[in-house]
Amino acid sequence: MIICLSFLRRCIVEYKVKFTVYSMTLVIDGLCKMGEFCKAKKFNENISKPNDLTYKKILNVYMKKKKPDFVIVKEILRTMEKEGWGFDFKSYTQLIKWYSTFGEIEEMKSLFMEIEEKGIKPDVYLYTCMVSGYCKMGDLVKACKVFDEMSERGLVPDGYIYGALINGLCNSGQMEAAEVRFNEMRSKGVWVNRCVFNAMMDGYCKLGNVEEALRVEGVMEGEGYEPDANAYNVIATGLRKLDKHDKAKRLLLLMVDRGVVPNVLAYTTLIDIYCKQGDFVEAKMIFSEMESKGIKPNTGTYNALIDGYFKHGNFIDAKRAFREMETKGVKPSTKTYTVLIDGYCKQGDFVKAKKTLFEMESNGVKPNTTTYTVLIDGYCKKGMMSEAYKLIMVMESKDLILNVYTYTSLVHGECKLGKVDNALKLFNEMPTKGLVPNVVTYTVVISGLSQEGRLDEALRLYNQMIEAGIIPDAAAYSALSVRNSSL
């Protein structure tokens with residue numbers, strides 16, 4: 001191809017040979033397939049009058065790139081419009097799908113309106129792209145509106161558009177609305193695929209409603225689908241979040257007994273369960289089995305091991321797992337570094353914790369609110385409040401929002417130093433930030449007030465907690481009774 005390109009350039013520059021647009025388009029197509037996008041774009045500039053096919057070739061290639069280049073795409077679109085080249089229905093569909101995939105909603109809407117203005121009738125697939133785009137951006141109201149608009153126009157929804165909408169509703173926790181669409185789909189005889197069933201189960205599990213997820217699994221089996229590794233993993237993860245580790249473990253082992261081959265997610269869930277139970281012998285056996293079957297551990301798998309080791313005080317193995325992860329080319333995530341920082345904080349090694357934070361950022365991994373919160377919590381537990389507040393300033397400079405756990409750590413730190421009024425100030429600041437104190441936040445302040453003998457304020461706060469619908473735990477009762485028992 002390079003020899004061909006060199007020859008063509010000599011023909012054009014030295015011998016003034018004029019090639020047809022079609023011939024030049026073939027060259028551009030070849031360059032694009034080789035990934036030589038810049039050369040293709042430059043070669044296009046040598047064509048005196050590129051046609052719509054030439055532009056579409058280049059446009060199609062830029063749309064297939066892993067990293068979207070919206071500036072170039074817009075430039076090509078403007079040039080085409082300027083030169084009078086229009087789009088056919090297929091081109092509009094490709095563009096709308098592309099913008100939908102990357103969440104460029106305004107561009108997607110603009111093209112959709114352009115279609116309607118030109119009198120082109122959208123089909124079900126085009127509406128599916130629109131619904132999927134709105135769902136990705138979390139705008140479920142618009143997604144439902146577009147779906148209903150399509151039905152009103154006489155188009156019959158298929159399994160894919162139902163699936164896109166149901167998946168969006170499940171991801172946003174709107175299970176009642178998802179159930180309505182799910183039942184509507186089945187009553188109309190629309191094919192329900194495995195992905196829709198898995199999305200429903202996942203939605204219920206994320207809300208802690210494993211019983212409903214199991215009901216959906218029963219419906220799925222009734223429809224002739226055997227649960228796959230994803231289905232088992234979804235329910236096992238739901239059970240694990242409810243601290244029903246033994247049930248989750250039995251379910252995954254049952255999966256294997258039924259001949260379902262575990263995937264990386266199922267193995268990772270099982271490893272995580274064994275790690276949380278402190279059974280590292282079993283965890284390593286599962287890890288080895290996973291590798292022997294050609295399933296490569298991913299970032300989540302290593303995160304489960306590192307987190308488990310740290311939580312059980314096994315710091316040497318945690319660090320070894322992290323080094324092995326890097327050696328095998330598995331990239332650490334924000335969660336990986338956060339787990340490491342948390343582990344170092346629990347060891348009281350803040351030098352290594354800060355060093356890990358710097359390493360994380362230098363490797364291009366962005367710390368999130370949880371990352372800073374674990375470090376802030378470590379400082380607060382040691383009474384190092386000035387260091388904690390320095391990190392708060394860093395968070396604010398990076399537009400990271402403090403959450404309930406960040407505030408609770410600060411409140412706890414102030415109370416630990418006997419500065420209850422500072423703690424109360426932070427506590428009262430929380431609602432102004434849209435945050436609701438949890439039972440731990442209340443308990444820490446109640447305990448601080450009780451320790452200072454401010455029993456009326458402690459009792460008033462205790463009653464406020466109950467009125468807010470927060471159920472006191474044993475620690476809250478103890479916090480209130482500490483001072484009373486000492487009098």
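## The cavity

A search of the whole structure finds one cavity of 30 Å³ or more. On a 1 Å grid over the protein atoms alone, a cavity is a set of points where a 1.4 Å probe fits but cannot get out. The volume of the largest cavity is about 40 Å³, a volume being the space filled by probe spheres set on the points, which are joined across faces, edges and corners.

This is a predicted model, in which local features need pLDDT of at least 70, side-chain atom pairs count only at pLDDT 80 or more, and totals for chains, interfaces and linings use all residues. Residues are numbered from 1 along each chain as its sequence is written, and side-chain values use heavy atoms, with hydrogens and water left out.

## Its lining

Lining residues have an atom within 4 Å of a point. For the largest cavity they are Asp307, Phe310, Lys311, Val339, Asp342, Gly343 and Lys346. At least two of the lining residues come from each of α18 (299-311) and α20 (334-347); helices are DSSP runs (H or I, at least four residues) numbered from the N terminus. α20 gives the largest share, four residues.

The lining has four charged, two nonpolar and one polar residue. Here Asp, Glu, Lys and Arg count as charged, Ala, Val, Leu, Ile, Met, Phe, Trp, Tyr, Cys and Pro as nonpolar, and the others, Gly among them, as polar.

## Helices α23 and α24

The axes of α23 (residues 385-397) and α24 (residues 404-416) come within 11 Å and cross at roughly 155°. Axes are lines fitted to C-alpha atoms, for helices over the stretch in contact, and angles run from 0 to 180 degrees between N-to-C directions. α23 and α24 are therefore roughly antiparallel (angles over 145 degrees).

Contact (heavy atoms within 4.5 Å) involves Met385, Ala388, Tyr389, Ile392 and Met395 of α23, and Thr406, Leu410, Gly413 and Glu414 of α24. Of these residues, six are nonpolar, two polar and one charged.

Key
On a 1 Å grid over the protein atoms alone, a cavity is a set of points where a 1.4 Å probe fits but cannot get out, and a pocket is an open set with protein on both sides within 12 Å along at least five of seven lines; lining residues have an atom within 4 Å of a point. Angles under 35 degrees count as roughly parallel, over 145 as roughly antiparallel, 65 to 115 as roughly perpendicular and the rest as oblique.
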